[in-house]
Amino acid sequence: MRVLSGIQPTGNLHLGNYLGAIRNWVKMQDEMDAAKDSPGSACYFFLADLHSITVHEEREARIRNVREMAAALIACGIDADRSVLFNQARVPAHAELAWLLNGTARIGWLNRMTQFKDKAGKNREGASVGLFVYPVLQAADILLYQATHVPVGEDQKQHLELTRDIAMKFNTDFGVELFTLPDPYIPKESARIMSLRDGNAKMSKSDPSDMSRINLTDSDDEIAQKVRKAKTDPEPLPEVAADLEGRAEALNLIGIYATLTESTPDAVCAQFAGQGFGAFKPALAEVLVETLRPIRQRFVELKEDEAALDAILDHGAEKARSVAAPTLSGAYEALGLMR
Ligand code: TYM
């Protein structure tokens, strides 16, 4: 089993990132310990700083964000001694393979990417070329390491399907078995954590309202206040989760509670059946605060030690470069590009 995933180091880590992805990264890292005797098994987690250039950001902010996201991941439980933790820019093979894959990826495939449409908005002509070809770099990230499992949130599913299409076409066109086809790992309950203000919009760092998301850096009081003000409806909670249909906000909060307590929406409904949100919200705030407080405390300590974070990323990149090298060489070789 080769596990790989990435996160863009832009802004704060929020509850959607944590429950949708990072928590599963940590679980897979822990499972990996049991599987570590099988050759090649390892976890690769990286900061997608090359992806972050697709939108404008000041130089200093970018430098700070990479370190802070590394600190956040470690605070969440990623252990750089057991997993390979690095940032893309330190591993040139990502940019190189992305260029090679540009010969295989089709414009029609990229035109279908909903994330590009969402992020570019109405001004498609004004979006960067990088934003358009972003999924090809993501394919390179995954294929370089022969990843078998990619833990992500639902919003990345389409990019993973594209990765498989690119891998298959490359292998077929050049008659090689170079790339492993990766499988997305998207547990149902936490696949899509929604905004606290709108149960039909994804929780996201780009939402202008900070009340829409819970950040890893929020204080206990801020978390409690955001939960208190979260949009809900006046109905009591039903006995079973199936009866939450059409109540997007309620479904989201129940899903968050279930994920945090390693339970199921049905079990949570059974526990709170007949009660309103006045009773449920304080319980939710409490589990959120208890889960996030230790992470926040570790994060605040870790982010101060820039030299230690740089050393961790340097070390991770060295390992990543050595693992990526044979796949990259295989791609040059298959294309007949002599080096
Ligand atoms: P990014 O940085 O937007 O998000 C990081 C991870 O968090 C998940 N996520 C969510 N999950 C559930 N509910 C939400 N509201 C929510 N918001 C974010 C995302 O699905 C993701 O797993 N393109 C990727 C980064 C990337 C990558 C890769 C991932 C680059 N190369 C290779 C996997 C493999 C991105 O922008 O994620």
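The following exercises, with worked solutions, concern a predicted model.

**Exercise 1. The ligand shell**

Determine how many residues surround the ligand, which elements supply at least two of them, and how the shell divides by class.

Solution. 
- Step 1. The ligand is surrounded by 23 residues, and G6, G16, G20, V152 and G153 are the closest.
- Step 2. At least two residues of the shell come from each of β1 (2-7), α1 (15-35) and α7 (129-143). Helix α1 provides the largest share, with 4 residues.
- Step 3. Divided by class, the shell contains 11 polar, 8 nonpolar and 4 charged residues.

**Exercise 2. An annotated span**

State what UniProt lists for residues 9-17, and describe the span in the model.

Solution. 
- Step 1. The unreviewed UniProt entry lists residues 9-17 as a short sequence motif, the 'HIGH' region.
- Step 2. In the model, the end C-alpha atoms of this span lie 11 Å apart, and its content is 33% helix and 0% strand.

**Exercise 3. Helices α4 and α13**

Classify the packing of α4 (residues 93-101) against α13 (residues 306-335), and name the residues in contact.

Solution. 
- Step 1. The axes of α4 and α13 lie 10 Å apart and form an angle of about 25°.
- Step 2. Because angles under 35 degrees count as roughly parallel, α4 is roughly parallel to α13. The crossing of α4 and α13 is left-handed.
- Step 3. Helix α4 contributes A93, E96, L97 and L100 to the contact, while α13 contributes R321, A324, A325, L328, A331 and L335. By class, the contact of α4 with α13 has 8 nonpolar, 2 charged and no polar residues.

**Exercise 4. Helices α9 and α12**

Solution. 
- Step 1. On α9, the contact is made by D220, I223, A224, V227 and R228; on α12, by K281, L284, A285, L288, V289, L292 and R293. The contact of α9 with α12 comprises 8 nonpolar, 4 charged and no polar residues.

**Exercise 5. Helices α10 and α11**

Classify the packing of α10 (residues 248-260) against α11 (residues 265-272).

Solution. 
- Step 1. Helices α10 and α11 pack at an angle of about 105°, and 8 Å separates their axes.
- Step 2. Because angles of 65 to 115 degrees count as roughly perpendicular, α10 is roughly perpendicular to α11.
- Step 3. Residues I254, G255, Y257 and A258 of α10 meet P265, V268 and C269 of α11. This contact of α10 with α11 has 6 nonpolar, 1 polar and no charged residues.

Conventions. Residues numbered from 1 in each chain as written. Predicted model: local features only at pLDDT ≥ 70, side-chain atom pairs only at ≥ 80, totals over all residues. Near = placed C-beta within 6 Å. Nonpolar A, V, L, I, M, F, W, Y, C, P; charged D, E, K, R; others polar. UniProt positions renumbered as here; feature names shortened; annotations may be inferred. Axes fitted to C-alpha atoms, helices over the stretch in contact; angles between N-to-C directions. Parallel < 35°, antiparallel > 145°, perpendicular 65-115°, else oblique. Contact = placed C-beta atoms within 7 Å. Left-handed = near helix turned anticlockwise from the far one by under 90°.
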